[in-house]
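This report covers side-chain pairing and helix packing. Please view the sequence and the structure below first.

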Amino acid sequence: MISETYSLLVNGKSYQVVDGHPSESLLWVLRERLELSGSKNACEEGECGSCTVLVDGEIVCSCLVLAASAVGREITTIEGLGSEDEISDVQKAFVDAGAVQCGFCTPGLLVAIDQLLNTDPDPDDLTVREAISGNLCRCTGYGRILEAVRIASKNRKVQNQEEQGK
Amino acid sequence: MGVIIAKSVNEACAVLAENPAATVLAGGTDLMVQVNRGTHSLETVLDLSRIPELKKWTMEDNQIILGAGISYTDLTHPQLSAFFPALAQAARTVGSPQIRNAGTLGGNLATASPAGDTIPVLVAMDASMQLKSSTETREVSITEFITGVKANALKPGEIIESIKVPIFKGPQEFLKVGTRNAMVISVVSLALVTDYLERKLRIGVGSVSPVPFRATEAEEFISDKFDWETNRNLSEKVINKFSELVANSTEPIDDHRGTANYRKHAVKVLAKRALERVSAGDIK
Ligand SMILES: Cc1cc2nc3c(=O)[nH]c(=O)nc-3n(C[C@H](O)[C@H](O)[C@H](O)COP(=O)(O)OP(=O)(O)OC[C@H]3O[C@@H](n4cnc5c(N)ncnc54)[C@H](O)[C@@H]3O)c2cc1C
Ligand code: FES
Ligand code: FES
């Protein structure tokens, strides 16, 4: 049983939420209480995917997760990709492909695509389209996003081959 | 009181008996939309999402018993989808990967929307549901459970424990019309399930009446005309008559997703298409 003070495990780190209200969504708590503002808020009804995070390894809309119900779950946000000093390979591929325009959809897409490539390293375009069908982008027309996924997938393959060759 | 995360069905029922006003939470994909809009404020929440029993499925006497907490993503796994392809097809059309990971079968039924995509399939298959409280376990049919637009037969203190789905031999189809492919609420949906052993075609229709229903007149007509040996050779006339009968059984309304006229037209197209696909499938 838990009350309004609870802790959340985000990107491997434990955060205290003090005096939370039971109606708060995970997205709200991440942004407003934990100062993790990478996940974006555009609709708060599950339609746009800009708030996408991983909960126990699966992509979900953090706006539809009740924050206090996520106690003990492993939460990964866009801040959990890459490291302090270096952006992740998918982030880099987005830059290289020019897949970022206004950037609002980008954090959610990166989380979804990183998760896709972790489970399916060599997805065809249809698989990618299906995997990001819950992430809306109003700017790019998706062409460069698909290109970014191709680049990231190829780079990971090359890297794996190099590692195996060692 | 905050959020209570139950670990078993018995614990959940005990919590509900003590706090009958608690809000039940599963995947949150319907509930949190209301909460975010401010139309539903939460005080005590009973979270069912971590009850292992609700995530399981078992086979019993040619029936599959699905835990209420099974997600759409779970339903599309080949291991499960093989038993009821139409239910898996319906699950695949729900929302987006994010919504399918979180949203559950139990939540779709409890919400009881006329457009709930699993409902016409489960209605076509005569599925039943196990409801449980701290004092009682009862079984109701899907049609008894869904009592109206977004209304269900749950009594205070009760949760949906499982859904029992008979296995039918023969091809199945689920079709849905919406404004695009992903992330779309049905304007019309239709499930066609072949029951080869009973020589019957079962049809469930959604979004064209207050509650999804079986088009029984159309079922009788087509089950009689269907060629159960080869399942080919349906004449144009029979197919048209069948889709007319399905359309005539609907009571659609005009709303922001479509007009009643459009829905009547679309349901006819879906009935015809589903029948043609089932006829092209392997019957035995
Ligand atoms: C962007 C988006 C797209 C969607 N697309 C579709 C779609 O294409 N087709 C479709 O059919 N639906 C769609 N939905 C609706 C929704 O995803 C489904 O209805 C889902 O199945 C609800 O399940 P849940 O576990 O998320 O329920 P929750 O939101 O957790 O709960 C919904 C209701 O059911 C009750 N409840 C849940 N489980 C139980 C139980 N075991 N016992 C008793 N009561 C229970 C809750 O108290 C609550 O009242 C969509 C929703 C969103 C946000
Ligand atoms: S803000 Fe969560 S899906 Fe749009
Ligand atoms: S880059 Fe602007 S919404 Fe995608």
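Glu147(A) is partly exposed, with a relative accessibility of 33%. Its partner in a salt bridge is Arg150(A), and the closest N and O atoms are 2.5 Å apart. Arg150(A) is partly exposed too, at 37% relative accessible area. The model is predicted.

Where do Arg150(A) and Glu147(A) sit relative to each other in helix 5 of chain A? They are three residues apart, so about one helical turn separates them. In an α-helix there are 3.6 residues a turn, so residues three or four places apart point the same way.

Over all chains, the whole structure holds 24 salt bridges. One of the pairs is Asp114(A) with Arg156(A), at 2.8 Å from N to O.

Are Asp114(A) and Arg156(A) buried or exposed? Both Asp114(A) and Arg156(A) are buried.

## Helix 2 of chain A

Helix 2 of chain A spans residues 89-97, and its buried residues are Val90(A), Gln91(A), Ala93(A), Phe94(A) and Ala97(A). These residues lie on the same side of the helix, because they cover an arc of only 160° around the axis. The buried residues of helix 2 pack against helix 3 and helix 5 of chain A. Gly98(A) follows helix 2 of chain A. The phi of Gly98(A) is positive, near 65°.

Asp126(B) and Arg214(B) form a salt bridge, with 3.0 Å between the closest N and O atoms. Asp126(B) lies in the loop between helix 8 (118-124) and strand 6 (128-132) of chain B, while Arg214(B) lies in strand 14 (residues 213-214) of chain B, so the pair ties together parts 88 residues apart in sequence. Asp126(B) is partly exposed, at 45% relative accessibility.

The pair belongs to a network of salt bridges. Asp195(B), Lys200(B), Arg202(B) and Glu219(B) are also linked in this network.

## Helix 11 of chain B

Helix 11 of chain B has 13 residues, 236-248. From first C-alpha to last, helix 11 reaches 18 Å, close to the 18 Å expected at 1.5 Å a residue.

The buried residues of helix 11 of chain B include Val238(B), Ile239(B), Phe242(B) and Leu245(B). Which elements of chain B do the buried residues of helix 11 pack against? They pack against strand 12 (188-195), strand 13 (200-206), helix 10 (216-225) and helix 12 (260-280).

Definitions and conventions. Residues are numbered from 1 along each chain as its sequence is written. Chains are lettered from A and ligands numbered from 1 in the order in which they are written. This is a predicted model: local features need pLDDT of at least 70, side-chain atom pairs count only at pLDDT 80 or more; totals for chains, interfaces and linings use all residues. Side-chain values use heavy atoms; hydrogens and water are left out. Helices (H or I, at least four residues) and strands (E, at least two) are DSSP runs, numbered from the N terminus. The expected span of a helix is 1.5 Å times one less than its number of residues. Buried means under 20% relative accessible area, exposed over 50%, partly exposed in between (1.4 Å probe, protein chains only). Contact means heavy atoms within 4.5 Å. A salt bridge is a side-chain nitrogen of Lys or Arg within 4 Å of a carboxyl oxygen of Asp or Glu. The arc is that of the directions from the helix axis to the C-beta atoms.
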